[in-house]
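Good morning, and thank you for coming.

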Amino acid sequence: MPLFGRKKNDEALRHVPEVAVLPEPPVPGPNGLRTLEQHRDYLLGCVEELMPFGQHVLDALGLSICEDVVSGIDLPRFDNSAMDGYAVRAADVQYATDVRPVRLPVVGEVPAGGAAPHRLSPGTVMKIMTGAPVPGDADAIVPYEATDRGSTDVTVTVPSSVGQHIRRRGEDVGVGDLILAAGSRIGVRDVGLLAAVGIDKVMVRPRPRVVVISTGSELVDPGLALSPEQIYDSNSYLLAAAAKDAGAQVFRVGHVGDDPAALKQLVYDQLVRADLILTTGGVSQGDYDIVKAVLPELGATDFAGVAMQPGKPQGFGLIGEDRTPIIMLPGNPVSAFVSFEAFVRPVIRKLMGLTPYVRPGVRCAAAHAMSSIPGRTQLARGVIAADETGARTVSLVGGHGSHLLGDLSKADALVVLPADTDFVAAGTELEVWPLDLPR
Ligand code: AMP
Ligand code: MG
């Protein structure tokens, strides 16, 4: 596998940064496990928002702006015509009708981008195009449709009133108006407005560069042939897609076998381009759980049991000279995904400065009775539906097994079954995390 920025010597492998110290971890409950919320808040407390820098407005789409943006110009910039037609003095045509048309000389023409004549004399008109500046002393636009479209003289057959079809300077946005407040997320329409007021760059927090690595000697890339004991690497694809969906710039490195030296070298080599590293596999109790064994050699780490199902074994660290955060997720694909939603998405949102860091869930009534493991927050896979009254209900999809990727794909929500219960009756209000939200 090609390695990024590989060191020529093995000093890297002996390097343990001195500064890496983690904040005090949360105190686990009597069962030796910390709660999902405790672990999530701990990770959020260990990472900082990325430093903002100037980005082109189009590249800033979806990012959090770190400055108040004030318009330096009026929109519209000048009084201009909303129609193709004739600039007039309204008084000259205020009584024009089909029966008593008004005929006036056409003394000039103003195209869009043309300079506005200083003055329109009484009893005359000028041809004007949409967006062209309105001549001085003209106070209405007569659209072509209300005339015979004459070139030297024009016959007007519809009355006009003062201000008609004129777009006034500053009526939309004024000089000095706040158009985007620090902390807001730049949306499609904001990009248009920034461009309209002439701004090409804004200070935003960048997309975090997220490196995704999966571990396991059984893994093979999709597209290749499998031997009987091998399986396809789904996690690095699943997590890369999830991180991209959360707004990150993703480097999917792929998989590494259960070889401590290879894993250590690979992680070390990736530090140069990572704001966050994600690994899957190798964090539980198996003999080949190398992530847990190797990562403490690269920095400060925290391996903990979290009172959730799936996703109990969780690892976190700040590694390398820059104290780069690494989140080490369990290997079962559904566990990895659920852990992403519970922990990684909030961390990515914090790096990006997107508030709230934890997206709020929605409340849905259980469509049927559900059993739940006491002592653990279960994140079951579900589908949200609206019942006859329009109220939202949620039903479960498939089983609780953390290998059930087919069922995960059918689900559109994670259903939070609380730790303090073993049974949820039909109709009970539950917290649900919709999965297919707009970013
Ligand atoms: P581990 O946590 O490494 O013991 O892995 C737990 C289970 O998840 C095992 O059945 C692995 O084969 C499976 N698994 C681990 N990594 C992946 C992956 N990247 N893609 C698919 N399955 C995986
Ligand atoms: Mg493994």
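**Pockets, cavities and a helix pair**

The second largest pocket holds about 340 Å³ of space. It is lined by 17 residues, and Leu50, Asp275, Asp322, Arg323 and Pro325 are the closest to its centre. This is a predicted model, in which local features need pLDDT of at least 70 and side-chain atom pairs count only at pLDDT 80 or more, while totals for chains, interfaces and linings use all residues. Residues are numbered from 1 along each chain as its sequence is written, chains are lettered from A and ligands numbered from 1 in the order in which they are written, and side-chain values use heavy atoms, with hydrogens and water left out.

On a 1 Å grid over the protein atoms alone, a pocket is an open set of points with protein on both sides within 12 Å along at least five of seven lines, a cavity is a set where a 1.4 Å probe fits but cannot get out, and lining residues have an atom within 4 Å of a point. A volume is the space filled by probe spheres set on the points, which are joined across faces, edges and corners.

By class, the second largest pocket is lined by ten nonpolar, one polar and six charged residues. Here Ala, Val, Leu, Ile, Met, Phe, Trp, Tyr, Cys and Pro count as nonpolar, Asp, Glu, Lys and Arg as charged, and the others, Gly among them, as polar.

The largest pocket has a volume of about 420 Å³. Of its 26 lining residues, Glu218, Asn235, Gly281, Gly331 and Asn332 lie nearest the centre. This lining comprises eight nonpolar, 13 polar and five charged residues.

For the largest cavity the volume is about 140 Å³, and Arg40, Glu341 and Trp433 are among the residues that line it. H8 gives the largest share of that lining, four residues.

Finally, helix H2 (residues 36–46) packs with helix H8 (residues 333–352) at an angle of about 30°, the axes being 9 Å apart. H2 is therefore roughly parallel to H8, a term for angles under 35 degrees. Leu36, His39, Arg40, Leu43 and Leu44 in H2 meet Ala342, Phe343, Pro346, Val347 and Lys350 in H8, where contact means heavy atoms within 4.5 Å.

Key: Axes fitted to C-alpha atoms, helices over the stretch in contact; angles between N-to-C directions. Helix = DSSP H or I, 4+ residues; strand = E, 2+ residues; numbered from the N terminus. Parallel < 35°, antiparallel > 145°, perpendicular 65-115°, else oblique.
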